[in-house]
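Student: I have a structure to go through with you. Can we take it piece by piece?

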Amino acid sequence: MSNKPAAAPAKAPKTAISPTRAEDYPEWYQQVIKAADLAENSPVRGCMVIKPWGYSLWENIQRTLDAEFKATGHQNAYFPLFIPKSFIEKEAQHVDGFAKECAVVTHSRLEAGPDGKLVPAGELEEALIVRPTSETIIGATFSKWVQSYRDLPLLINQWANVVRWEMRTRLFLRTAEFLWQEGHTVHATTEEAMEETVKMLNIYADFAENAMAMPVIKGIKTASERFPGADETFCIEAMMQDRKALQAGTSHHLGQNFSKSCDIKFQNEQGELQHAYTTSWGVSTRLIGGMIMTHADDDGMIVPPKLAPQHVVILPIYRDDAARAEVLAYCKSLQKELAAQKFDGRPVIATIDDRDLPGGTKSWGWIKKGVPLRVEVGPKDIANNAVFVARRDTGEKAGIARAEFVSGIADRLQSIQDNLLARAKAFREANTKVIDTKEEFYAFFTAKKENEIHGGFAMAHWNGSPEVEKMLKEDLKVTIRCIPLDGDKTPGICPFTGEPSKQRVVFAKAY
RNA sequence: CGGGCGGUGGCGCAGUCUGGCUAGCGCAUCUGGUUUGGGACCAGAGGGUCGCAGGUUCGAAUCCUGUCCGCCCGACCA
């Protein structure tokens, strides 16, 4: 027996996910992942198993972004998982940033010990680091690829896994091993490198808003939040439903830091040898965590249609074998008609769930997984040449003429996509506050009750000093998420010091 | 990495303090039947050696030591 109140109804609880977001947000997040069958913990500390439903979300993220990368002239390549320790040591700030969380390979084989257990043997001359990011190994390779200004720009991306030995992990948001893409480019001038950095930031922002329906703020990181080894770090920041910020993607202008440490030089048109300018940019499986925390509700996941592994699930309803044959035939022809329609450039994917399970069980299963549309088809619908459609995002249910449903499927999916974005935007606006005094700022970020969801994005002035950042982090666990690129750039007064401020910046608690 | 809590069939838990009958319960699973338009009902069945290793004991899920994994807090998090 649990200690929880036994008031739970004998049948279904009010919400498919327990606890609800309001009751216990972190626990809700984990329950959604479990209920939607997205991922689970593995026997390896901090590492997750991404299950088919979760992995197909990643595949759709990959497919969409990869097309964008190719369309902007990038090519995919693949570099080693292992990085010689000496490579990491080359860039001083880079070492500082990553040394503490590197997994290190020191031996090359296992031998049976006296007790029969395997022990590492064959110590390596030089230890290998499992890549936490690939600037150094790719930089070493680029130094050979780049000789002349004619070799530039060099625009490469790799889809890979990386390992960062984090002390505390959470499925999708921070795992020891995660999947990502890392773009690495080389340019002749700092201006070109900056143009690339911003271009990729914009691709990420567009992707977040258009495909994920997750509104983001584009901005620049302060020096203290910058990527180790970067001259400038750009980011997109999204607000989760607990009002905390999630850094959803980064794009770095690396200046000549890595070209110098990795010796990436080229001869310019004047015949002079000079160091190139590099960039790097990435997004990871963390985006799936962002998708969950942006859209999911107390009944489980809600998948934005553009990234949905399937758009529609068709649920046949029948009592006997005779009806079964008729209903299934109707479902199959409906599925075929839907497949002939296109949404976002892809054929509409509808599956038929003909498992021998009670209707409610099946329905709830798909609700928890977050399929955008559920369609119930029974003898009554067939008689009316109709379908009974339920929207996951709004919960709306209605009988619709079959032809109308089929021909309007793209519009209907787009309407869900639009609604999710609008809803997320409205939530962010409702929890973003312009703040001009220290008192109000501290009140904003202080919970009135324990575990209460509070705070949000505070748009406040800042004198530019790391001391203020440090104070707010220590006092409130609040950090500057970014100096926004768009919006209000009016100078003002820093509420913490009374000193001048160039513009308002985004303060929030962060993941 | 420090502090706290936890690990018992697929999932959620009871049992552990006060060692001792064949380790229970709910859900899920399987079979048969009745059902079926939002998480069905009845009957029956299968499945665990209690995270792992060692120790104490006539006897260990229960006590001790170590260790692994998870959750929360802290530090850390490009």
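Tutor: One definition before anything else: helices (H or I, at least four residues) and strands (E, at least two) are DSSP runs, numbered from the N terminus. Residues are numbered from 1 along each chain as its sequence is written, and chains are lettered from A and ligands numbered from 1 in the order in which they are written. This is a predicted model, where local features need pLDDT of at least 70, side-chain atom pairs count only at pLDDT 80 or more, and totals for chains, interfaces and linings use all residues.

Student: OK. Where is Asp 263, and is Asp 263 buried or partly exposed?
Tutor: Asp 263 sits in the loop between helix 7 (257-262) and strand 12 (265-267). Asp 263 counts as partly exposed because it has 15 C-beta neighbours inside 10 Å. The cut-offs are 20 or more other C-beta atoms within 10 Å of its own for buried, 12 or fewer for exposed, and partly exposed in between, with C-beta atoms placed from the backbone.

Student: What is the phi of Asp 263?
Tutor: Positive, about 65°, although Asp 263 is not a glycine. Ala 213 also has a positive phi, near 55°, and is likewise a residue other than glycine.

Student: Where is Ala 213, then?
Tutor: In the loop between helix 6 and strand 9, just after helix 6. Ala 213 counts as buried because it has 27 C-beta neighbours inside 10 Å.

Student: How many residues are in helix 6?
Tutor: Helix 6 (residues 190-211) has 22 residues. From first C-alpha to last, helix 6 reaches 31 Å, close to the 32 Å expected at 1.5 Å a residue; the expected span is 1.5 Å times one less than the number of residues.

Student: And what covers the buried residues of helix 6?
Tutor: The cover includes helix 2 (52-71), strand 8 (177-187), strand 9, strand 10 (232-239), strand 11 (245-253) and strand 14 (277-284). Among the buried residues of helix 6 are Glu 196, Met 200, Leu 201, Tyr 204 and Phe 207. Contact here is between two residues whose C-beta atoms, placed from the backbone, lie within 7 Å.

Student: Which strand does strand 9 pair with?
Tutor: Strand 9 (residues 217-220) pairs with strand 24 (residues 479-484) in the antiparallel sense over 2 bridges. Two strands pair if DSSP finds at least two bridges between them. Ile 220 stands opposite Ile 483 in strand 24. Strand 24 also pairs with strand 27 (residues 504-508), antiparallel, over 3 bridges, and there Ile 480 has Phe 507 as its bridge partner.

Student: Change of topic. How is chain A divided?
Tutor: Into domain 1 (29-295), domain 2 (310-414) and domain 3 (430-508), with bounds that come from an automatic or database domain assignment. The C-alpha centres of domain 1 and domain 2 lie 40 Å apart.

Student: What about the sheet with the order 18-15-19-20-21?
Tutor: That is an open sheet of 5 strands with mixed pairing. Its edge strands are strand 18 (350-352) and strand 21 (397-401), each pairing on one side only. Neighbouring strands in this sheet are turned by 30° against each other on average, direction ignored. Strand 15 (residues 312-316) and strand 18 pair in the parallel sense over 3 bridges, and Ile 314 stands opposite Ile 352 in strand 18.

Student: Which strands does helix 9 touch?
Tutor: Helix 9 (residues 321-339) packs on the sheet, touching strand 15, strand 18, strand 19 (373-377) and strand 20 (386-391), and its direction makes about 165° with that of strand 15. Helix 10 (residues 359-369) packs on the sheet too, touching strand 15 and strand 19, at about 175° to the direction of strand 15. Axes are lines fitted to C-alpha atoms, for helices over the stretch in contact, and angles run from 0 to 180 degrees between N-to-C directions.

Student: Last topic. Which peptide bonds are cis?
Tutor: The bond from Ser 18 to Pro 19 is cis, with omega near 0°. Another cis bond joins Leu 152 and Pro 153, with omega about -5°.

Student: Where are Pro 19 and Pro 153?
Tutor: Pro 19 lies in the segment before helix 1 (25-35), and Pro 153 is in the loop between helix 5 (135-145) and strand 7 (154-163). Pro 19 is partly exposed, with 15 other C-beta atoms within 10 Å. The C-alpha atoms of Pro 19 and Gln 31 are separated by 8.0 Å, with the two residues 12 apart along the chain.
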